[in-house]
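Hi,

Here is the structure we talked about handing over. Please open it alongside this note; my notes on charged side-chain pairs follow.

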Amino acid sequence: MKKQDLPQDESNLKSANMTEVLYVTDENDNYTTANSTGWDAKKAALDESMELIHERIEEAKQDVANGKVSPIIYFMELNKMDLAVLAAYVEMWQWRVKRHAKPKVFKSLSESVLKKYADAFGISTDELKNFDGK
């Protein structure tokens with residue numbers, strides 16, 4: 001693709017004040033890099049991905065409100081983490097984090113363990129403990 005033909009369509013990248021670096025050819029047909037804010041196909045894919053992420057966040061919020069899971073699951077989804085990533089951040093085994101996702105177990109966690117989770121999510125321990133999904 002020629003540098004002058006690089007699409008600059010509206011996308012999530014532009015609204016986040018970001019660009020993507022792509023390889024293009026210049027006027028002498030030499031490869032170079034250029035920034036793009038996206039193109040229609042990429043916008044459609046990003047929009048669909050973001051919609052799925054928002055659905056997962058809302059589902060996690062409802063599960064917390066219904067007492068199915070602990071707030072750890074909601075904040076994990078909100079921060080676009082999975083079990084492996086969160087376990088690495090809090091320096092615990094995945095099975096332990098999964099266990100802490102149970103409301104009954106979550107209520108018995110120590111302040112130091114809650115602090116590890118709160119730090120990973122960038123919130124206070126009070127916010128974590130008191131989140132009820134509503």
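Searching the whole structure, which is a predicted model, turns up three salt bridges. Here they are, one by one.

Arginine 56 and glutamate 77
Arginine 56 pairs with glutamate 77, and their closest N and O atoms are 2.8 Å apart. Glutamate 77 is buried, at 13% relative accessible area. Arginine 56 is partly exposed, at 48%.

Lysine 129 and glutamate 111
Lysine 129 forms a salt bridge with glutamate 111. Here the closest N and O atoms are 2.7 Å apart. This pair also links distant parts of the chain: lysine 129 is in helix 8 (residues 125-130), glutamate 111 in helix 7 (residues 111-121), 18 residues apart. Lysine 129 is partly exposed, with 35% relative accessibility. Glutamate 111 is partly exposed too, with 45%.

Aspartate 119 and lysine 115
The side chains of aspartate 119 and lysine 115 meet in a salt bridge, at 3.1 Å from N to O. Both residues lie in helix 7. They are four residues apart, so about one helical turn separates them. Lysine 115 is partly exposed, with a relative accessible area of 45%.

As background, side chains of opposite charge can pair when their charged atoms come close.

Best wishes

Technical notes. Residues are numbered from 1 along each chain as its sequence is written. This is a predicted model: local features need pLDDT of at least 70, side-chain atom pairs count only at pLDDT 80 or more; totals for chains, interfaces and linings use all residues. Side-chain values use heavy atoms; hydrogens and water are left out. A salt bridge is a side-chain nitrogen of Lys or Arg within 4 Å of a carboxyl oxygen of Asp or Glu. Buried means under 20% relative accessible area, exposed over 50%, partly exposed in between (1.4 Å probe, protein chains only). Helices (H or I, at least four residues) and strands (E, at least two) are DSSP runs, numbered from the N terminus.
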